Every structure is written in structure tokens, then in C-alpha cells.
Amino acid sequence: MKRIVTRHSLEKVLASMRSYDFNLLFPFPPRPLTVPSTLVQITCIPCSVFVAGRYLKYSRTVSQTPWFIEEERKGDASVEEMICARLEAAFQAESSRFMASGREDIDVLMLGEGRPFGVELIGAKYAGLTELEMAKVEVQINESHKDIEVKYLSVVERSDMTIIKTGEEDKTKTYSALCSMRELVTPEDLRQINELTTLQIKQKTPVRVLHRRANAERLRRVFDFSAEPIAGKPHHFRLTMKTQAGTYVKEFIHSDFGRTAPSVSALLRKEVECEELDVLAVDLVWPPGRSAFSLN
């Protein structure tokens with residue numbers, strides 16, 4: 001079986017090797033050859049190309065990545081498929097890997113400046129595209145799919161991709177939730193929410209994801225609350241807030257059978273449901289080198 005030595009694996013071995021061992025294996029000057037050398041084979045493997053950008057999602061039936069439950073596909077399509085197909089074609093890549101700074105549920109919109117993402121294009125024939133060519137790829141993606149939009153596509157270094165996942169719990173995100181109650185929404189309800197400053201909440205793994213995630217308890221922060229009435233909908237109000245990354249926002253609103261505490265329901269002592277949820281901002285400067293986006 002052939003073994004393919006990649007640059008990454010070679011750097012890892014050399015970094016852990018002592019100078020003494022290196023000199024034993026690779027003396028300088030090198031030992032003279034006793035027999036003529038023969039070229040057997042040269043194999044060229046293209047390096048991966050890394051593309052950064054931000055995406056917006058305008059559909060509540062499109063998932064971030066392909067979603068299957070018991071081999072049955074859920075949702076109409078995925079953000080990953082719509083973006084990666086075009087990038088693979090543009091760079092003539094063999095395959096790709098998609099990553100993003102967090103994820104939204106399939107029924108949640110991603111608005112504002114979008115969610116940071118990166119794509120590793122494996123076996124790409126082109127190492128880069130001009131700004132004009134990248135702009136054309138953006139247009140192709142955006143004109144082909146009304147459910148998503150991409151911005152700021154650019155080629156970045158492999159090392160830049162770690163930014164997306166570094167400090168996950170330190171990032172903040174801004175949400176807008178359409179909330180409903182059985183009772184009429186009162187000015188007192190809105191006042192109680194608007195007077196909140198910063199809440200530290202305890203969240204157990206939500207019931208809806210217990211089948212695929214371990215049952216654990218985590219601390220999260222929620223702050224910058226704003227609750228407003230909705231004209232013509234006396235049982236609804238609009239709640240805007242910032243949260244620490246990793247907060248289960250829907251559960252913070254309805255309490256998830258008391259598994260999130262405190263919750264909006266507990267604070268108002270009323271049953272409150274989250275009917276719609278939108279992500280307004282993801283607090284991360286991305287792609288690298290761009291100025292900070294307005295995340296308010």
C-alpha cells in the first residue's frame with residue numbers, strides 16, 4: 001500500500017525530531033553515492049486552496065449542511081451544497097470541506113452581515129482567482145439561489161481558518177425573536193424585559209437534541225435586551241438580545257420544561273413561545289484583513 005506524505009505530516013515529524021537524530025539521518029555534507037541514483041516516479045498533488053466569506057440565509061427550509069435523519073433528507077437544500085458546488089467548479093477542485101462559525105437551526109434566518117464561513121478546496125487546479133473572478137463567483141451563487149447570499153469571498157491562508165473556531169465561547173451573537181403568549185402582552189411584561197441588563201443562565205442540553213448530544217449543563221450570558229409590541233398582534237412581541245455563543249435561544253425563551261433557568265417564561269411567570277428566530281449578527285471580523293463589520 002502506498003503511503004502519501006503530505007507537507008503537514010512532514011512538518012509534524014520534523015518539529016518533534018531532535019537535532020541529533022536529524023543529523024544522523026541527514027548528514028551534511030551528504031554521504032557519497034555508491035550506485036547511480038534512478039528517478040522512479042514523480043507525483044504532484046495540488047495543495048488545498050482556502051476560501052473565506054460570509055453567507056446570509058433567507059429560507060426557513062434550508063439547512064446549513066446536508067441534514068439526514070435515518071437516511072431521510074430533511075429540508076430543501078443546504079447552504080454548504082449551494083456554495084461549495086460553485087467554488088469547486090471555479091477552482092476545478094476534486095472535493096471540498098465546509099466550516100462555519102457556529103450554525104443556525106434550519107428554521108432560523110441568518111441576516112445582517114451574514115455568518116462567517118470557510119471552504120477548503122481539495123485538489124484545486126487553480127491556486128487563486130483575481131478579485132474580478134471572485135466577484136463573478138459571488139454573482140453566480142447569488143443569482144442561482146434566492147435562498148442564500150454570499151459576501152466578501154476571498155482566498156485566505158490555511159492558518160486563517162483556525163480563526164473561525166478559536167474562542168467559540170467568547171463570541172457574541174445578536175438575535176431577533178418573534179414571541180407569543182396566551183395572555184395579552186402588557187406594558188408591564190415589556191418593562192420587565194427591557195429593565196434586564198445581563199443574565200447568567202444555566203442551560204441543560206435541550207430535549208430536542210438529546211438524541212444526538214450528551215446531557216450536560218452549561219453557563220451562558222444573555223444581555224442587551226429590547227422588547228417591543230407588534231401592531232395588530234396583541235399576543236405577540238419582538239425580543240432582540242445579544243448572547244454568548246452557544247446559547248440555546250429558543251430554550252431561553254420557553255424554558256424547555258425548566259431545563260433553562262432563568263428563562264423569559266420564568267421571569268414573566270407566563271408561558272412564552274418562540275415562533276420565529278433570526279440571527280442578526282455574528283461578532284467576528286471575517287474574512288481576515290477586513291475592517292470590523294457593523295454588528296448592531
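1. What volume does the largest pocket have? About 870 Å³. A pocket here is an open set of points on a 1 Å grid over the protein atoms alone, where a 1.4 Å probe fits, with protein on both sides within 12 Å along at least five of seven lines. Grid points are joined across faces, edges and corners, and the volume is the space filled by probe spheres set on them.

2. This is a predicted model, in which local features need pLDDT of at least 70, side-chain atom pairs count only at pLDDT 80 or more, and totals for chains, interfaces and linings use all residues. Residues are numbered from 1 along each chain as its sequence is written, and side-chain values use heavy atoms, with hydrogens and water left out.

3. The largest pocket is lined by 33 residues (lining means having an atom within 4 Å of a point). Closest to its centre are Arg103, Glu104, Asp105, Arg212 and Arg213. By type, the lining holds 13 nonpolar, 7 polar and 13 charged residues (nonpolar: Ala, Val, Leu, Ile, Met, Phe, Trp, Tyr, Cys and Pro; charged: Asp, Glu, Lys and Arg; polar: the others, Gly among them).

4. The strand β3 (67-69) gives the largest share of this lining, 3 residues. Strands (E, at least two residues) and helices (H or I, at least four) are DSSP runs, numbered from the N terminus.

5. The second largest pocket has a volume of about 730 Å³. Its lining has 22 residues, with Arg7, Pro46, Cys47, Ser48 and Arg158 closest to the centre. Helix α1 (7-16) contributes the most, 3 residues.
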